[in-house]
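Please examine the sequence and the structure shown below.

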Amino acid sequence: MTLERPSTVAFEDGDADDATVAEAALKRRTTAHARVHLLRAGGLLAALGVLVLCVLLSIAVGAKSIPIGTVWNALWGFDASYDHSVIIDLRLPRTVLGLFVGASLGLAGALMQALTRNPLADPGILGINAGASAAVVTAIFAFGLTSVNAYVWFAFAGAGAAAVLVYFLGSRGRTGATPVRLALAGTAVAAVLQGLVYGVFVVDDFVFDQVRFWQVGSLVGRDLDIFLKIVPFLAAGIAVALLLGPALNAIALGEDLAAALGAHINRTRTATAVAIVLLCGGATAAAGPIAFVGLTVPHVARAVTGPDQRWVLPYSAVLAAILLVGADTLGRVVLPNGELEVGIVTALIGAPVFIALVRRKRMAQL
Amino acid sequence: MTATLPESERQEARPSRPARTVRLGGDRMSFRVRPRMAAVYGSLLLATVAVFTTSLMVGDYRISLPDVLLALGGRGERLDVFFVQGVRLPRAWTAVLVGAGLGAAGAVFQSLSRNPLGSPDIIGFTGGAATGAVLTILVLGGGMLATSFGAVIGGVATAVLVYLLALKKGVQGYRLILVGIGINAMLMAARDYLLTRADLTEAMAAQVWMIGSLNGRDWGQVIAVAVGVAVLLPVVLALGPRLRLMEMGEDTAHALGVPTQATQVIALITASALTGVAIAVAGPVGFIALAAPQLARRLARADGTTLFGAALMGAFLLVIADLAAQRILAPTQLPVGVLTAIIGGGYLIWLLHREWRTGRA
């Protein structure tokens with residue numbers, strides 16, 4: 001569904017001269033539109049190019065320096081040597097995971113901001129991070145689970161449960177899940193869960209010790225089979241998200257107008273909510289609650305593309321993937337020994353860029 | 001920006017009874033009194049006094065009400081006087097003052113950002129204060145006083161930095177929020193880094209500070225926060241009418257003769273200072289600044305931000321939360337921030353649920 005403004009309406013009652021002027025204006029506008037679309041498509045392709053570069057760097061660069069030729073050979077013919085194992089067993093899964101987690105976080109943020117029409121919406125505000133944290137804390141506190149692989153599903157279930165609770169609470173009554181209701185419900189639910197988590201921290205410092213590392217957000221030590229279990233959820237979420245652009249464009253017009261134009265508001269909201277749960281739940285389960293990416297990348301995307309969701313969504317996915325894979329690679333080499341978690345690096349390199357952009361451009365509003 | 005207080009959430013469509021206008025001194029001073037608002041504020045005040053008094057009585061050492069009253073006057077048994085005057089009274093006063101400060105400041109921030117989620121952290125104040133304190137605890141190994149200093153310096157520095165970065169031919173609310181988010185993300189990353197690299201005991205101390213706690217507050221701290229609140233709260237309350245006009249849109253307010261830019265700056269400075277005073281004493285106690293204005297507005301069915309109601313509600317929430325934090329797992333003393341989140345959040349959930357289920361909103 002396209003929603004271009006009907007530019008000729010104003011001229012319908014005019015005389016012939018006006019009609020000609022209107023036609024010329026419409027023609028100019030159409031070519032301008034085509035040019036903008038071409039520009040946006042080009043920009044997206046360029047961003048994809050940068051992403052490919054980041055992926056290659058992420059495979060090639062690490063604590064152990066491996067000659068680029070060996071890297072190349074490992075990708076095409078695995079010979080079970082130590083160097084090849086590092087590439088294939090460690091860096092490749094980590095890179096692909098980063099790719100999926102990044103794209104998921106970017107898309108989830110864009111969807112949330114579109115759904116709640118709140119520029120501050122992020123997994124934190126809709127209670128999803130708090131739900132994941134609470135579930136992980138429960139897993140450690142009550143069941144004594146200590147490895148990331150053991151509490152992955154708790155994180156996923158917690159994120160999903162919190163999102164469902166928030167959506168259920170926000171959609172009670174006649175008007176359904178309006179933007180501010182969702183945000184308020186999310187904040188309230190997040191506060192309660194966070195309070196419980198803090199309470200456990202104070203009573204049991206073993207749990208705190210475990211969770212403080214998970215909470216930073218990292219791609220380290222996630223092995224291949226966990227990754228393979230989570231990727232289908234992320235892929236499904238990404239697919240649903242990318243299809244939602246036109247419907248979200250309609251909702252952006254305001255509920256009454258969207259309904260008058262025949263948009264299915266509740267269906268769109270439900271589909272968006274499902275996609276958000278899949279994306280955020282999966283990403284948080286895989287990498288821990290990574291702040292900042294979902295919140296700010298969509299702002300950058302909108303600054304580039306304007307408010308059209310059909311462009312905002314793919315741009316958000318690609319830009320967020322670049323940020324995450326790039327940050328993860330940088331985090332491996334920036335410290336003389338040890339590495340910096342990806343959640344820390346995304347904030348440290350992403351925030352200055354974001355602030356510069358906020359200062360330079362007038363951000364596209366929701 | 002569409003994240004404004006939405007029409008659908010406003011309550012003026014159903015005022016229970018028409019407001020009466022009260023005039024004093026001829027027509028020079030007049031204000032409108034709503035019966036419901038007066039009743040709600042009166043009950044809140046009574047409830048606060050009741051909880052305050054209860055918090056002087058209960059504890060591992062119980063004191064009966066008559067003995068509390070005696071001890072307040074300095075008479076009664078020495079142990080009673082010690083517990084009431086030396087331990088429980090300063091703590092309860094800290095709770096009331098910090099709560100009132102956070103509630104009023106939260107209302108100002110929500111009004112300025114026209115966003116119910118706009119709490120002091122939108123200008124980076126909370127994040128900066130927390131990072132300053134964590135740095136002081138983990139890197140410099142500072143005690144309570146040094147930590148407070150670290151918090152205030154961190155908070156003010158961050159707020160100034162955010163303001164300057166957002167400054168470009170005036171400060172636009174939207175840009176301020178986004179810059180605040182960016183700076184906050186960096187501060188949070190720094191904090192997380194410090195927490196993962198510190199040893200467990202120190203990380204725990206920093207964590208407790210970040211949750212917000214009133215354990216072991218004494219008269220020195222009460223005086224500090226009392227002076228701050230006594231100076232700043234009246235300024236904030238006086239800004240109320242202008243802020244309410246500005247909620248209708250800056251252009252409208254400007255046309256009505258409100259100096260919008262100046263009001264914005266003064267409101268930001270006083271609300272930040274109020275938050276700073278509160279945070280220095282209690283740590284960044286969560287959720288009071290966010291929940292108190294929302295709860296007060298909904299209970300009083302007010303048609304906009306009510307600064308006085310928010311302050312009252314903040315005070316009430318913090319005393320009752322602190323009482324619960326002391327007793328619920330006694331003798332383990334929970335940091336009050338745990339309870340403000342659970343009580344405030346739970347209450348907000350219940351209120352939203354009730355309001356939305358009946359379809360009134």
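The questions below take up the chains, then selected helices and residues.

This is a predicted model, in which local features need pLDDT of at least 70, side-chain atom pairs count only at pLDDT 80 or more, and totals for chains, interfaces and linings use all residues. Residues are numbered from 1 along each chain as its sequence is written, chains are lettered from A and ligands numbered from 1 in the order in which they are written, and side-chain values use heavy atoms, with hydrogens and water left out.

Q: How many helices and strands does the secondary structure of chain A come to?
A: Helices (H or I, at least four residues) and strands (E, at least two) are DSSP runs, numbered from the N terminus. Along the sequence, chain A reads α-α-α-α-α-α-α-α-α-α-α-α-α-α. The count for chain A is 14 helices and 0 strands.

Q: What percentage of the residues of chain B count as buried?
A: Buried means under 20% relative accessible area, exposed over 50%, and partly exposed in between, with a 1.4 Å probe and protein chains only. Chain B has 13 helices and 2 strands. Of its 361 residues, the buried share is 55%.

Q: Is α13(A) largely enclosed by the rest of the structure or exposed?
A: Helix α13 of chain A covers residues 309-333. The expected span is 1.5 Å times one less than the number of residues, and for the 25 residues of α13(A) this gives 36 Å, in agreement with the 36 Å between its end C-alpha atoms. Because 20 of those 25 residues are buried, α13(A) is largely enclosed.

Q: How are α3(B) and α10(B) oriented to each other?
A: Axes are lines fitted to C-alpha atoms, for helices over the stretch in contact, and angles run from 0 to 180 degrees between N-to-C directions. The axes of α3(B) (residues 78-113) and α10(B) (residues 260-282) come within 9 Å and cross at roughly 150 degrees. Angles under 35 degrees count as roughly parallel, over 145 as roughly antiparallel, 65 to 115 as roughly perpendicular and the rest as oblique. The crossing angle therefore makes α3(B) and α10(B) roughly antiparallel.

Q: Which handedness does the crossing of α3(B) and α12(B) have?
A: The axes of α3(B) and α12(B) (residues 307-327) come within 6 Å and cross at roughly 140 degrees, so the two helices are oblique to each other. A crossing is left-handed if the near helix is turned anticlockwise from the far one by less than a right angle, and right-handed if clockwise. The crossing of α3(B) and α12(B) is right-handed.

Q: Which residues does B:Ser111 touch, not counting residues up to four places away in sequence?
A: B:Ser111 lies in helix α3 of chain B and, at 5% relative accessibility, counts as buried. Contact means heavy atoms within 4.5 Å. With residues up to four places away left out, B:Ser111 touches B:Leu243, B:Glu247 and B:Thr305.

Q: How far apart in space are A:Ala121 and A:Leu111, C-alpha to C-alpha?
A: A:Ala121 is found in the loop between α3 (82-116) and α4 (128-143) of chain A, and its 1% relative accessibility counts as buried. A:Ala121 touches A:Met112, A:Gln113, A:Thr116 and A:Leu295, not counting residues up to four places away in sequence. A:Ala121 and A:Leu111 are 10 residues apart in sequence, and their C-alpha separation is 9.3 Å.
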